[in-house]
Each structure stands twice: as C-alpha cells, then as structure tokens.
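Subject: Structure handover

Hello,

Here is the structure we spoke about. Please have it open while you read my notes.

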Amino acid sequence: MKNKFRILKILITVILFGFLLSFSLKRFNEKPMEKVTIKLAQTKNPVYFIDEKDVKEMVKKSNPTKKIGDINIPELEKKLNQLPAVDSANVYLNLNGNLNLDIKQRVPAFRLSKDDRDFYVDEKGVEFPISKNYSFPCMLVMGNVKQSEYVKLAELISKIDNDDFSKKYFIGIAKKKGNYELLTNEGYFKVEIGDLEKIDLKVKGFKAFVEKYLIHQNPEKYTKVSVKYDNQIVTTLNPHFKENDSIISVGKKELAKLPALNQRKEEALKKASSPQKAEPKKVVKAAAKKTESKPKTKVKIE
C-alpha cells in the first residue's frame with residue numbers, strides 16, 4: 001500500500017512538473033526577442049568582411065514576428081555558415097531571450113589573380129570572393145596556380161611574412177610555365193624558386209647570396225636570380241644595364257664561336273664514326289731477270 005502511494009505521488013509530481021515546464025516554454029516562446037548580440041571573433045590580422053547590419057537584417061528576415069519561438073536557430077546558423085567570408089558560426093539563445101551569434105571570419109592568406117578573375121584564398125586553401133566594401137592587405141599571386149597548391153603557397157607566404165629579411169624583399173609571387181618566381185620590391189630582378197619544395201633551403205640560399213654578394217652590387221645588374229637548383233645560384237644579367245655591356249659582349253663573342261666549334265666537333269665525330277675503306281695494295285711485279293748460263297769449262301785430262 002505504501003509503495004502504491006509513493007508511485008502515485010511521483011506520477012503527480014511529474015505531471016505537475018511537465019505542466020509547469022510546458023506553460024513556461026509556451027510563455028518563453030511567446031516572449032519577444034529583446035536583443036541580438038553579434039560577436040565577431042578576433043583574429044591575428046583583423047578583418048572586416050562581415051557587416052553587422054547585414055547579419056541583423058538576415059536575423060530579421062528569418063524571424064519577422066520577433067518572437068523567440070518563431071526563430072529557427074539551426075536554419076539561421078546554416079545560412080550564416082554559407083556566407084563566403086564566414087569560417088564558422090554558432091547561434092544560441094540565453095535564458096533572458098537574447099539571441100547570440102558568434103562568427104569567425106576567414107582571413108586571406110593571399111590574393112590570387114587567375115583566369116581573368118581575382119579572389120582571396122585562406123590558409124585552409126578555401127577560395128572566397130573579394131569584398132566591394134573592404135580590401136585586405138595581403139600578397140598578390142598571379143598565374144595558373146592549382147588548387148592543390150593553395151595550402152603550400154599559403155605556408156610559403158606565412159614564412160615570408162614572419163621573416164624580416166624576406167618581408168623586406170618580396171612583395172608578390174608569379175607562376176610561369178610551372179615555375180614560381182618571387183617578385184622583389186626593387187622591381188629590377190625576380191627570384192626563381194621553381195616548385196614549392198625545399199622552400200626554407202631556397203630562401204636561405206638567396207639570403208646568403210644577398211648578404212655576401214648582392215649587397216655590394218647594384219640591383220639593376222640582374223633580371224633574374226634562380227635558386228631552384230640544388231647547391232647553386234644562377235643569375236641572369238640585365239642587358240640594359242651599362243656596366244654589363246663588356247661582360248655581355250664577351251659572352252656574345254664566345255657564343256659566336258660555338259657554331260664553328262660545334263661544326264668542327266661534328267665533322268670530327270663523323271670522320272671517327274665512319275668506317276675507313278682499306279686502300280688496295282699495289283702489287284709490284286718484279287721483272288724476272290734472265291740469267292745466261294755460262295758453259296761449263298771442260299777439263300780434259302790427258
């Protein structure tokens with residue numbers, strides 16, 4: 001009997017609690033949404049692609065009655081995450097009926113000019129369009145860069161931005177015929193790095209070239225400095241720099257000799273490779289001398 005009374009007491013308590021909860025939820029859902037708080041997460045480099053007014057307008061359209069119960073939080077969160085400049089978004093209500101939106105914006109790693117269009121790429125390799133109202137200062141990359149190269153390219157640019165020496169020299173990147181070139185702020189020469197492998201070693205090699213050699217030279221002397229080869233640096237002289245005239249003229253003279261030298265080499269190789277014909281031996285017939293036989297002296301013994 002006592003157990004039945006205890007079970008009945010528990011059931012009545014649960015029913016009352018459910019009724020009160022249902023009444024509270026109904027009252028809460030009918031309550032007007034008093035405040036919308038938009039919190040844009042701080043990033044290492046501040047960005048301003050998302051306008052709070054646009055977000056509030058989106059919230060207003062998703063809940064025209066302004067009642068807490070009429071807002072579809074999962075749907076609103078999905079729409080925010082679909083915005084190109086949004087990396088992640090979280091939407092939730094607190095007990096006071098205030099709507100909170102935590103938004104993290106994408107930070108461009110570089111700006112890419114490709115196929116007659118410009119767009120940003122973040123460190124994850126995700127493309128997103130350029131804003132009409134805001135321009136983020138980042139390195140410009142030009143050329144037919146593959147999407148599979150975005151992350152490595154972002155890593156390269158991050159290393160350049162975090163190194164005082166590299167940041168001083170390099171202002172852009174161009175890809176031509178599969179080779180990457182770093183554009184310098186001097187504007188006189190380019191630094192050819194080839195592919196995106198062994199970047200640290202290549203930048204280190206260029207730094208050594210600058211500190212030990214280029215610092216004593218006029219930057220206008222070169223049009224290209226290539227560090228794409230292992231353990232060597234190849235430079236291309238500027239033909240429009242006067243001090244290079246004597247070097248280039250000597251080089252041209254040496255190049256002019258090459259065709260004649262090559263022709264002689266080819267002739268010598270042909271001669272060596274062609275089978276030599278054996279010359280016919282001259283047979284000299286010696287004329288047989290006719291020797292007259294002398295009559296033998298007859299000795300007569302008497």
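How much of the accessible surface of the protein belongs to carbon and sulfur atoms? The share is 55%, out of about 23,100 Å² in total. Areas come from the Shrake-Rupley method with a 1.4 Å probe, and for residues only the protein chains shown count as cover.

Some ground rules. The model is predicted: local features need pLDDT of at least 70, side-chain atom pairs count only at pLDDT 80 or more, and totals for chains, interfaces and linings use all residues. Residues are numbered from 1 along each chain as its sequence is written, and side-chain values use heavy atoms, with hydrogens and water left out.

Overall picture. The protein has 7 helices and 12 strands. These are DSSP runs numbered from the N terminus (helices: H or I, at least four residues; strands: E, at least two). Of its 302 residues, 27% count as buried. Buried means under 20% relative accessible area, exposed means over 50%, and partly exposed is in between (1.4 Å probe, protein chains only). Among contacts (heavy atoms within 4.5 Å) with a separation of 6 or more, 49% are between residues 24 or more positions apart.

Val 47. This residue sits in the loop between β1 (36-40) and α2. Val 47 is buried, at 7% relative accessible area. Leaving out residues up to four places away in sequence, Val 47 touches Gln 105, Arg 106, Val 107, Pro 108, Tyr 134 and Phe 136. Ser 135 is 88 residues from Val 47 in sequence, yet their C-alpha atoms are 9.0 Å apart.

Salt bridges. The count is 14, taking a side-chain nitrogen of Lys or Arg within 4 Å of a carboxyl oxygen of Asp or Glu. Three of them:

- Lys 104 pairs with Asp 87 at 3.8 Å, N to O. Lys 104 is in strand β3 (residues 99-105) and Asp 87 in strand β2 (residues 86-93), so the bridge ties together parts 17 residues apart in sequence. Lys 104 is partly exposed, at 39%.
- Asp 122 pairs with Arg 106, with the closest N and O atoms 3.1 Å apart. Asp 122 is in strand β5 (residues 117-122), and Arg 106 is in the loop between β3 and β4 (108-114). Both residues are buried.
- Asp 230 pairs with Lys 198, with the closest N and O atoms 3.8 Å apart. They are 32 residues apart. Asp 230 is exposed at 51% relative accessibility, and Lys 198 is exposed at 51%.

Shared partners join Asp 87, Lys 104, Arg 106, Asp 122 and Lys 124 into one network of salt bridges.

Best wishes
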